[in-house]
Amino acid sequence: MLRLAPSRGLLGRVKPLRAAALPRHFPSLPVFALYPRRNQSSNSVPSSSSSVASSSSPSTSTSSYTVQNRSYHRDDWSNAPPVILSKIGRNLHLTPNHPISILRGIIESHFAEHTSVTPSTPIVSVYQNFDELGFAPDHPGRSLTDSYYLNREHMLRTHTSAHEVETYRSGLDAWLLSADVYRRDEIDSSHYPVFHQMEGTQVWPTTSLHELQKRNAELAKQLADCPLVIEDPTTISDSNPYQASHDPEHAAQITQHLKHSLNGLIFRLFGHTTQDGEPLKVRWIEAFFPFTTPSYEVEVWWNGEWLELLGCGVVMQKTLDQAGVSHKSGWAFGLGLERIAMVLFSIPDIRLFWSTDSRFLSQFREGEITTFKPYSRYPPCYKDMSFWVSPKQQAAVAASGSGTARVESRASAWERESGDNGGKEAGVSTAGGLEPSATTATTTTPVGGKDKAFHENDYCEIVREVAGDLVETVTLIDEFTHPKTGRQSKAYRINYRSMDRSLSNEEVNALHAQVQDRLVADMGIEIR
Ligand code: FA5
Ligand code: MG
């Protein structure tokens with residue numbers, strides 16, 4: 001059960017909240033690359049059955065990628081490795097009896113009035129993923145250290161928001177879009193380079209917005225009866241304002257409807273969950289996204305830290321203008337299905353979702369939330385690696401003027417962007433993606449090599465390419481600059497642990513040596 005603001009009182013289960021009964025259109029045919037679904041089982045969804053024929057490393061000279069039978073030329077921007085491309089088509093969110101799919105189904109049935117949409121491919125244009133949504137040209141998320149590119153024009157989507165404009169353009173007003181998304185990221189138990197998001201949104205013709213007040217009053221009444229104590233200290237301010245083009249009263253009603261809708265979902269999902277006998281704590285914090293304002297994130301206290309579940313906000317009017325529906329306004333959210341499933345099913349490590357071990361898969365059944373029973377916890381094997389950063393990489397960092405930025409801020413560009421810092425520094429992001437830094441690399445530097453600034457995501461990517469899911473965490477444990485030579489030293493601890501078996505020390509030593517060799521060859525580091 002959740003502990004919510006004492007003023008709200010305690011109650012049993014809340015009735016599923018229904019979307020407001022306002023005009024909506026349902027296209028009968030796929031729109032662009034999207035497949036709207038209503039009341040269909042996941043089996044009948046046109047799947048993105050991929051054939052990934054990219055068998056050699058993108059850093060080699062092969063001139064193209066073939067993904068889902070389509071060929072993409074490579075250029076100096078290509079950085080998507082085969083190990084990542086091989087995940088295309090797994091579609092955990094559409095796999096019956098898989099926790100990610102079970103969760104998708106539960107959320108879809110909660111938002112019963114929303115149309116479910118499945119994009120046909122994770123490959124989108126850079127324009128769709130970033131420009132169309134108002135990302136600044138030097139936004140950190142665009143960097144080669146943070147995103148996977150097939151070439152300068154095409155990339156693996158980093159978020160489901162990449163489909164917002166085309167879906168609004170299709171005429172849908174209330175929809176849920178679930179899909180796999182891809183990010184170069186740090187390695188730990190709650191971050192994985194491929195994960196699943198669900199985008200949810202509701203928009204209304206401006207002429208109907210006055211109806212929201214009544215609807216909000218009803219929703220508030222239902223929620224008041226929920227035993228939810230959700231902290232929400234957020235306010236509207238210059239750093240998280242309503243949009244100038246919006247009537248502030250309308251914007252307030254849309255914001256309220258967003259919060260009520262998501263609080264209703266949170267209660268539906270976690271209303272009966274306790275962790276270690278303790279009620280679950282949930283909080284709203286202010287955030288920043290280029291395509292919403294005001295913007296928020298919702299976090300849950302889990303395993304001793306705040307875990308970010310979703311980002312959301314009032315849709316930037318420009319996005320709706322781009323979609324040709326300027327006469328509508330509304331809200332959108334993007335939630336991490338793995339993050340919620342981890343809490344809901346008590347799954348301790350995000351890598352487990354990719355397991356094909358029947359001891360994992362056999363534990364889950366469609367429509368049911370069951371507590372995961374670990375079949376075994378194999379011992380970890382820590383290996384440290386101390387090295388000097390290559391002089392060229394160090395020079396590149398110095399040239400960018402912020403060599404220690406990454407260490408000070410240990411969250412990914414994505415989480416810095418929206419204010420979450422791995423649970424350590426919640427609040428409005430000051431980064432906002434507007435200032436290029438060492439952490440962002442530059443948008444004109446070709447991928448790879450020893451000449452660009454050292455970036456932890458590049459380090460993690462190579463570790464992942466060699467050791468795959470045998471790596472549980474990669475943690476920076478030390479760094480210093482030599483007082484005389486000025487050389488920079490770093491030390492990382494790599495924790496190797498298999499989810500399915502015990503690893504021998506010899507095996508890990510051999511793997512660690514391979515990881516080290518690749519890092520020396522690709523990043524020019526000098527082992528100390
Ligand atoms: C976004 O991706 C925005 N597109 C969300 C959004 C949509 C905002 C619509 C406003 C309107 P963010 O980068 O915070 O935001 O990611 C959303 C969620 O994805 C996170 O809250 C988290 O639950 C999940 N997530 C992010 N990175 C990872 C990762 N590496 N592994 C697993 N889950 C992740
Ligand atoms: Mg975030």
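Which element supplies the largest share of the shell around ligand 1? In this predicted model, strand E14 does, with five residues. The protein buries 99% of the 680 Å² that ligand 1 exposes when taken alone.

**Shell around ligand 1**

- The shell holds 28 residues, and those that come nearest to ligand 1 are His159, Ser161, Arg183, Glu308 and Leu309.
- By residue class, the shell divides into eleven nonpolar, ten polar and seven charged residues.
- At least two shell residues come from each of strand E8 (194–205), strand E13 (292–302), strand E14 (305–315), strand E15 (328–336) and helix H12 (413–418).

- Arg183, one of the residues that come nearest, places a polar side-chain atom 2.9 Å from an oxygen atom of ligand 1.
- In the side chain of Asp185, an N or O atom lies 3.1 Å from a nitrogen atom of ligand 1.
- Gly336 takes part through its backbone, where a polar atom is 3.5 Å from an oxygen atom of ligand 1.
- Of the area that ligand 1 exposes on its own, 680 Å², the protein buries 99%.

**Aromatic pairs**

- The count of aromatic pairs comes to 22.
- Phe372 and Tyr375 form an edge-to-face pair, because their ring planes stand at 90 degrees, with the ring centres 6.1 Å apart; the cut-off for this class is over 60 degrees.
- Both Phe372 and Tyr375 are buried.
- Phe372 and Tyr375 also belong to a cluster linked by ring pairs, together with Phe345, Phe360 and Phe364.

**Charges over rings**

- Lys259 has its charged end over the ring of Trp284, at 5.6 Å from the ring centre.
- Over the face of Tyr382 lies Arg493, 5.8 Å from the centre of that ring.

**Arg184**

- The loop between strand E7 (174–182) and strand E8 contains Arg184.
- Is Arg184 buried or exposed? Arg184 has a relative accessible area of 7%, so this residue counts as buried, the cut-off being under 20%.
- Arg184 is 274 residues from Asp458 in sequence, while their C-alpha atoms are 8.1 Å apart in space.

Conventions
Residues numbered from 1 in each chain as written. Chains lettered and ligands numbered in written order. Predicted model: local features only at pLDDT ≥ 70, side-chain atom pairs only at ≥ 80, totals over all residues. Heavy atoms only, no water. Near = heavy atom within 4 Å. Polar contact = N/O pair within 3.5 Å; in protein donor to acceptor, adjacent residues only side chain to side chain. Areas by Shrake-Rupley, 256 points an atom, 1.4 Å probe, with all protein chains shown as cover. Helix = DSSP H or I, 4+ residues; strand = E, 2+ residues; numbered from the N terminus. Nonpolar A, V, L, I, M, F, W, Y, C, P; charged D, E, K, R; others polar. Phe/Tyr/Trp six-rings, centres within 6.5 Å; stacked < 30°, edge-to-face > 60°. Buried < 20%, exposed > 50% of the residue type's maximum accessible area, 1.4 Å probe, protein only. Lys NZ or Arg CZ within 6 Å of the ring centre and 35° of its normal.
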